[in-house]
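User: Hey, I've got a model open and could use a hand reading it. Can we go through it bit by bit?

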Amino acid sequence: MSDPRPLPMGSTIGILGGGQLGRMLALAAARLGFRTHIYCPDPDSPAFDVTPSRTVAAYDDEQALAVFAARVDVVTYEFENVPARTAAFLGELKPLRPGASALAVAQDRLAEKAFLTVNRVPVAPFAAITDLDRLEAAIDELGTPAVLKTTRLGYDGKGQRIVRNMEEAAHAWEVLSPRPLVLEQFVPFEKEISVVAARGLDGDIATFEAAENVHRDHILKTSTVPATVSRRTAARAGQIAAGIAEALGYVGVLGVEFFVLPGGRLLVNEIAPRVHNSGHWTEAVCVTDQFEQHIRAIAGWPLGDPTRLADVVMENLIGDEIAAIPLGLGVAVRPHAYGKAESRKGRKMGHINRLVLKKRAG
Ligand code: AMP
């Protein structure tokens with residue numbers, strides 16, 4: 001369902017997913033005068049602490065989905081693995097932003113690569129893998145090392161294996177099949193960067209600056225802005241992200257992850273049709289942050305100003321690292337705890353933004 005009118009303040013924004021991203025979206029929505037209704041199967045969802053309304057039900061519970069849809073004015077989501085049927089069901093009842101086509105592209109690595117290739121966005125050479133013979137042929141073709149990945153439901157390095165020879169390939173096949181797989185050439189990247197872009201209902205596009213990302217144990221550890229890439233490379237990344245938003249007819253915020261090759265050439269690794277962990281720095285140093293920008297876009301409001309006011313390093317607090325927040329963090333540090341009851345190894349518990357403030361002359 002589409003409705004081009006801007007949502008008035010006091011309207012209710014429905015959010016699928018109750019993790020930290022849903023929580024931060026709800027906080028931003030409240031600041032703009034909206035109410036939120038969060039739908040999540042997990043009764044312990046961290047976003048439930050900050051929303052006036054909630055539904056605890058499975059994503060395929062059509063009765064619960066219909067009641068939820070009746071109570072909200074627009075539906076958005078904080079994760080890309082919203083089942084296609086759920087998206088289609090809700091999309092019939094209320095505006096779904098971003099739309100179902102963005103989900104379809106981002107949920108499946110092969111659909112994503114096909115979409116990017118058609119739109120002349122460079123990606124690492126890849127091959128669809130349907131059986132072991134095809135895998136062996138693809139390794140001959142693409143060379144080693146290569147990365148074998150499940151086409152769906154992979155995140156934080158889960159559902160993928162590096163393969164350096166046929167023996168490792170056979171082992172990776174055993175572990176990852178019978179799910180549909182894709183083999184990618186291993187990219188000898190110098191850096192990883194990402195751009196968070198927004199497209200409004202009126203087609204206006206605003207991009208945040210590129211962030212330089214460092215992973216630890218396959219989980220994002222820091223995002224630093226500005227990234228240490230040339231202005232040209234940073235600008236090109238912004239243009240590519242904006243082009244993707246345009247090609248998808250997207251409404252909302254999306255994250256685009258890039259590999260930076262020697263010489264500054266860019267390959268897109270992945271698109272996330274949602275606010276993105278590598279955009280949490282915007283919360284501390286931008287006139288409009290990614291969460292407000294997403295709410296503005298899906299509400300049909302004009303986009304806000306993505307200008308950055310200071311240099312910044314965002315650091316994820318993973319597992320027990322959350323214990324740092326109540327302690328002295330030093331100057332110019334903004335903490336954000338997600339309110340998760342239990343800190344487990346590898347679980348994102350919060351983040352801090354370290355601002356690099358310019359010294360005043362005199
Ligand atoms: P992904 O789940 O596809 O975002 O991959 C997680 C991380 O694995 C990336 O951020 C990279 O650090 C690494 N990685 C994934 N694919 C490749 C590749 N084709 N070449 C080199 N590194 C990769």
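User: Where in the chain is aspartate 217 found?
Analyst: Aspartate 217 is in the loop between β11 (211-216) and β12 (219-225). Keep in mind that this is a predicted model.

User: And what's the phi of that residue?
Analyst: Phi of aspartate 217 is near 50°. That's a positive value, and the residue isn't a glycine.

User: OK, peptide bonds now. Is the one from arginine 97 to proline 98 cis or trans?
Analyst: The bond from arginine 97 to proline 98 is cis, and its omega is near -5°. As for where to look, proline 98 is in the loop between α3 (84-93) and α4 (100-107).

User: What about the bond from serine 177 to proline 178, cis or trans?
Analyst: That bond is cis, with omega near 10°. Proline 178 lies in the loop between α7 (166-176) and β8.

User: Since β8 came up, what's the strand order in its sheet?
Analyst: The order is β5-β8-β6-β7. It's an open sheet of four strands, and the pairing is antiparallel.

User: Which strands stand at the edges there, and why is one side of each left without a neighbour?
Analyst: The edges are β5 (126-129) and β7 (160-163). Each of them has a single partner strand, so one side of each has no neighbour in the sheet. The twist in this sheet averages 20° from one strand to the next.

User: How many bridges join β6 to β7?
Analyst: Four bridges join β6 to β7, and the two run antiparallel. If you want a pair to click on, lysine 149 stands opposite glutamine 160 in β7.

User: There's another sheet, with β1 in it. Is the pairing there parallel or antiparallel?
Analyst: The pairing is parallel. Four strands form that open sheet, and they go β3-β2-β1-β4. The edge strands are β3 (53-55) and β4 (74-77), each pairing on one side only. Twist from one strand to the next averages 25° in this sheet.

User: How many bridges are there between β2 and β3?
Analyst: Strand β2 (residues 35-39) pairs with β3 over three bridges, in the parallel sense. Tyrosine 39 is the residue that stands opposite threonine 55 in β3.

User: Switching to the ligand. Which residues come nearest to it?
Analyst: There are 15 residues around the ligand, and the nearest are Arg109, Lys149, Glu184, Val187 and Glu192.

User: How far is a ligand oxygen from the side chain of lysine 149?
Analyst: An oxygen atom of the ligand is 2.8 Å from an N or O atom in the lysine 149 side chain. For glutamate 192, a ligand oxygen is 2.5 Å from an N or O atom of the side chain. With the side chain of glutamate 270, the distance from a ligand oxygen to an N or O atom is 3.0 Å.

User: And how much of the ligand does the protein cover?
Analyst: The protein covers 90% of the 480 Å² of accessible area that the ligand has on its own.

User: What sort of residues make up the shell?
Analyst: The shell around the ligand has five nonpolar, four polar and six charged residues.

User: Last one: why can we say the ligand lies between domain 2 and domain 3?
Analyst: Domain 2 (125-185) and domain 3 (191-356) both give residues to the shell around the ligand, so the ligand lies between them.

Notes:
Residues numbered from 1 in each chain as written. Predicted model: local features only at pLDDT ≥ 70, side-chain atom pairs only at ≥ 80, totals over all residues. Heavy atoms only, no water. Near = heavy atom within 4 Å. Polar contact = N/O pair within 3.5 Å; in protein donor to acceptor, adjacent residues only side chain to side chain. Areas by Shrake-Rupley, 256 points an atom, 1.4 Å probe, with all protein chains shown as cover. Nonpolar A, V, L, I, M, F, W, Y, C, P; charged D, E, K, R; others polar. Domains from an automatic or database assignment. Pairing = 2+ DSSP bridges. Axes fitted to C-alpha atoms, helices over the stretch in contact; angles between N-to-C directions.
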